Every structure is written in structure tokens, then in C-alpha cells.
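Here are a few notes to read alongside the structure. Have a look at it first, then work through the points below.

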Amino acid sequence: MDSEKHNQEQSMIEIIKSGELNSIYFNEFAIGVSKSHTLISLRRNGKAEAVLNAYHITAKSLVSSLDKALKEFEEKTNEKIPTSDEIEKLMEE
């Protein structure tokens, strides 16, 4: 693990342990895109929890970083994480 990644992980752990920030759990989301921003509505069991509002560049960087982190997790665990669309399709079969 390179030192920058290690430092980011340590920083994240410290933030979580500090309890200074609210934690938001969500199991549903909706995405809207305007000409200058990306809006992500985070919901839990159909109830709105929060809205993320980001510039397109920031949203795309988030998607890229999240995709990379999840791919690394899948590689390390040798398990593919299914998407909700994939699960829904399997349940219809």
C-alpha cells in the first residue's frame, strides 16, 4: 500500500472514530443531472435522508474512486458484488 493511500485510510478512520460528523445510512438513491451540477438523493427505505450536490467533475471523481475501491475489494475477497439491478433480474428468473 502506498503511503498516500495509507494516510487517506488513516484519516478516514480518525474521522469516523471522532464522532464529529453525522453518519448517513442509505439503501436507495436517485440521480439528477443539470447543466452544472449532479444531484444525488440518498434515501433509506423510501424516506429522504440527504442530498449530495456536486459539480460534474467532483461527481465523476467520486464515481471513479468508489469504483476503484469496490473493484479492489472484489479482487481481495474474490467475490463479485452484485448491483441491485442484477439482483432484481435474478429474482425475476
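1. Let's begin with the second largest pocket: its lining splits into 4 nonpolar, 2 polar and 7 charged residues. Keep in mind that this is a predicted model.

2. That second largest pocket has a volume of about 590 Å³. It has 13 lining residues, and those closest to its centre are K5, Q8, E9, S65 and A69. The elements giving two or more residues to this lining are α1 and α2, with α2 contributing the most, at 7 residues.

3. Now for the largest pocket, with a volume of about 1,400 Å³. Its lining counts 32 residues, and F26, F29, L42, L62 and L66 lie nearest the centre.

4. Which elements each supply at least two residues to the largest pocket's lining? They are α1 (3-18), β1, β2, α2 and α3 (84-92). The largest share, 8 residues, is from α2.

5. On to the sheet. It's an open one made of 3 strands in the order β1-β2-β3, with antiparallel pairing. At the edges sit β1 (28-33) and β3 (47-55), each pairing on one side only. On average, neighbouring strands are turned by 20° against each other, ignoring direction.

6. Zooming in on one pair, β1 and β2 (residues 37-44) run antiparallel and are joined by 6 bridges. Within this pairing, V33 stands opposite T38 in β2.

7. Finally, helix α2 (residues 56-77) lies across β1, β2 and β3, and runs at about 115° to β3.

How values were computed. Residues are numbered from 1 along each chain as its sequence is written. This is a predicted model: local features need pLDDT of at least 70, side-chain atom pairs count only at pLDDT 80 or more; totals for chains, interfaces and linings use all residues. Side-chain values use heavy atoms; hydrogens and water are left out. Two strands pair if DSSP finds at least two bridges between them. Helices (H or I, at least four residues) and strands (E, at least two) are DSSP runs, numbered from the N terminus. Axes are lines fitted to C-alpha atoms, for helices over the stretch in contact, and angles run from 0 to 180 degrees between N-to-C directions. Contact means heavy atoms within 4.5 Å. On a 1 Å grid over the protein atoms alone, a cavity is a set of points where a 1.4 Å probe fits but cannot get out, and a pocket is an open set with protein on both sides within 12 Å along at least five of seven lines; lining residues have an atom within 4 Å of a point. Grid points are joined across faces, edges and corners, and a volume is the space filled by probe spheres set on the points. Ala, Val, Leu, Ile, Met, Phe, Trp, Tyr, Cys and Pro count as nonpolar, Asp, Glu, Lys and Arg as charged, and the others, Gly among them, as polar.
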